[in-house]
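Me: I've got a structure to go through with you. Can we take it piece by piece?

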Amino acid sequence: MSVITRVKTAFLSLLAIALIVLTVAVLGTSKFNTPNEFELIQLDSGWTISHGSEYHYIESLVNSYTGLANSGNIIVIRTTLPDLTSYSDIPICICFRSILSTVDVYVDDALVYTFGHDYVEKGKMIPKVYNFVPLPKNCSKKTLQIRFTAQENSAFSGFSPVYLGTYNDICNQLLEPKRLSVVVGIFLMMFGFILLIISPFMLMSSSKDTSIFFSATTSLAMGMYIFCFNDLFWIVSDNPALYTFLEYLSLFLIPPSIMGFVLFDGRDRNKKIVAYGFLGSLLFVLTVTLMHIFNIAHICNFVVLFHFTVLIQGVYMVITLTISLRKRLKEKSEFRGVALSTVFLVAGLLVFMICAQIDIIVFNILKYSAEGEQSASINFTTVGALLFMICLFLNYFYHRIEYLSESSVKEKLEGIAYTDALTGIANRARCELTLAKLDDDYTIISLDLDYLKYTNDNYGHTEGDHLLKGFAAILKESFTEALLIGRMGGDEFIVVLPYIDEERCERAIKCMVDLMCFRTSKEEHIRYSASWGYATNKELSFKAGATAQDVYLLADTKMYSMKKQHHNQSLGRLYDDLLKTFSQKGGNSNEI
């Protein structure tokens with residue numbers, strides 16, 4: 001890797017890191033928060049909790065812990081509403097979050113809100129949702145009671161904050177801390193959609209790149225999960241069951257998408273193991289999705305299994321990619337010496353896996369501890385996903401550069417292997433390869449350059465090489481539509497035209513003759529002359545199944561009949577040159 005390339009790579013990497021830091025710093029600040037129009041109250045103290053036979057008073061609702069709520073457990077929380085006279089003419093509500101549970105809200109034993117019972121009747125999974133409960137007028141100092149009934153095992157632990165105020169102020173309070181998640185989620189989904197649109201074109205291109213499809217699904221899954229986990233779809237959708245299902249589905253799709261990218265991108269040399277992991281992850285997603293759709297088992301019940309398997313897969317992916325990177329860096333192959341794309345892929349995947357594992361560990365600690373999962377976040381995963389997608393983009397960018405570099409080197413090597421070093425046109429190997437692949441209509445012209453031996457013997461091989469190079473230039477200028485112009489060896493040349501048209505062929509040959517006459521007039525010793533013959537694959541003398549080699553032999557036969565005529569003319573030139581030589585010698589003797 002050159003010094004300039006290293007500097008550019010370091011600069012680009014630092015720029016990406018700076019972009020991440022700047023994004024987090026700007027979106028995480030409170031300077032952009034909208035001031036509340038009215039007073040917003042968090043009802044955090046003065047609650048009592050009853051869970052089964054237990055009944056106790058708590059100082060802080062968000063810091064309380066009643067253990068895991070399993071299917072059928074009922075938890076009731078009660079408090080006295082504050083003085084609400086300042087809201088006398090303003091519609092107000094309370095807002096809190098529930099997870100996989102039915103909700104019933106009472107004000108002085110009067111039911112004012114209910115959620116989730118229709119899902120229970122149908123046997124469906126109850127979604128995670130923010131409950132906005134309008135409060136009746138004149139409810140100051142009245143008792144507020146919220147009843148949670150868990151409908152899944154390990155449904156939830158802990159409680160979310162309960163806000164009291166106007167709908168707009170509560171929405172601002174919920175959204176402003178999630179500004180980073182909104183921006184990153186939208187970016188990832190838009191980036192994924194763009195890649196998804198591009199992927200069919202890349203698949204049909206010469207590179208047959210399928211990895212970009214899995215880049216698209218990875219970006220879409222990450223963006224979707226960030227949006228769903230942070231309950232951001234309720235802004236635009238009134239279908240909580242859908243985005244709760246999408247939260248689990250997008251989470252489960254991230255591992256197979258990443259493994260599919262690595263598998264089809266060809267970075268991991270243990271393709272069999274990666275393929276098994278990819279197919280296993282995909283089968284897991286399909287199985288749990290179908291079981292959820294047909295109401296056999298709810299998709300939320302597979303999270304623990306997913307956490308366990310994704311930990312194993314993630315560790316394996318990082319280890320194998322790191323080993324592959326080290327091997328590639330040790331290789332001194334001209335094609336694999338740089339491995340910049342793999343560096344970015346491994347770095348991005350490593351950072352994302354560390355961030356995701358931190359959030360998974362923290363989530364499980366909170367769920368089984370006093371704080372409860374309601375306070376869990378995926379901020380590390382959000383930043384890690386953004387960094388990973390930027391690294392994925394840089395990986396793809398540098399992978400394209402490496403691919404083009406390899407292609408360029410291969411073309412140069414093929415040029416050396418298939419190009420005649422003296423004339424710069426195709427050599428015999430390239431000619432035979434082209435003849436073997438010929439199809440459809442074509443015309444083959446066999447040419448033999450005259451006076452090559454004569455020029456070498458009388459004026460030296462330098463002049464003979466000049467004659468060969470000049471004749472090759474004449475062929476390239478004359479047969480501009482040729483599929484192939486090559487030197488078969490010595491003074492033998494070949495031209496393949498991708499059509500059958502005698503008139504066009506004769507025009508090109510006449511152009512060649514005119515150029516030979518013109519170049520001869522400019523030379524002192526060299527005379528350009530050639531014999532030729534041409535044949536097509538539609539010649540009447542050919543039987544069905546004739547090959548291009550048969551057509552070439554027929555053209556060669558026709559060429560030799562012209563060569564006999566040129567041979568007699570060359571003898572005449574030899575006689576003229578001898579007379580000229582004797583005349584010059586005689587003049588010199590007279591002077592002496």
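**Chat notes**

Reply: Start at Gly460, which has a positive phi of about 95° just after helix α12. Helices here are DSSP runs of H or I with at least four residues, strands are runs of E with at least two, and both are numbered from the N terminus. This is a predicted model, where local features need pLDDT of at least 70, side-chain atom pairs count only at pLDDT 80 or more, and totals for chains, interfaces and linings use all residues. Residues are numbered from 1 along each chain as its sequence is written, and side-chain values use heavy atoms, with hydrogens and water left out.

Me: Which residues of α12 are buried?
Reply: Leu452, Tyr454, Thr455 and Asn456, in a helix that covers residues 452-459. Buried means under 20% relative accessible area with a 1.4 Å probe, counting protein chains only.

Me: How much of the chain is buried?
Reply: 47% of the 592 residues. The accessible surface is about 30600 Å², and 61% of that belongs to carbon and sulfur atoms. Those areas come from the Shrake-Rupley method with a 1.4 Å probe.

Me: How many helices and strands?
Reply: The chain has 15 helices and 14 strands.

Me: Switching topic. Which residues does the "transmembrane region" annotation cover?
Reply: The UniProt record, an unreviewed entry, lists several spans, including 180-203, 212-236, 242-264 and 276-296. Such annotations may be inferred rather than shown by experiment.

Me: What do 242-264 and 276-296 look like in the model?
Reply: Residues 242-264 are 100% helix and 0% strand, with end C-alpha atoms 31 Å apart. Residues 276-296 are 86% helix and 0% strand, and their end C-alpha atoms lie 26 Å apart.

Me: At what angle do α4 and α5 pack?
Reply: About 155°, with axes 7 Å apart. α4 is residues 179-204 and α5 is residues 211-229. That makes the two roughly antiparallel, a label for angles over 145 degrees. Axes are lines fitted to C-alpha atoms over the stretch in contact, and angles run from 0 to 180 degrees between N-to-C directions.

Me: Now Leu497. Is that one buried or exposed?
Reply: Leu497 is buried, at 1% relative accessible area. It lies in strand β13, residues 492-497.

Me: What is Leu497 in contact with?
Reply: Beyond its neighbours within four places in sequence, Leu497 contacts Tyr442, Thr443, Ile445, Phe479, Ala482, Leu483 and Cys505. Contact means heavy atoms within 4.5 Å.

Me: How far apart are Leu497 and Leu484?
Reply: 7.2 Å in space, C-alpha to C-alpha, and 13 residues in sequence.

Definitions and conventions: Buried < 20%, exposed > 50% of the residue type's maximum accessible area, 1.4 Å probe, protein only. Parallel < 35°, antiparallel > 145°, perpendicular 65-115°, else oblique.
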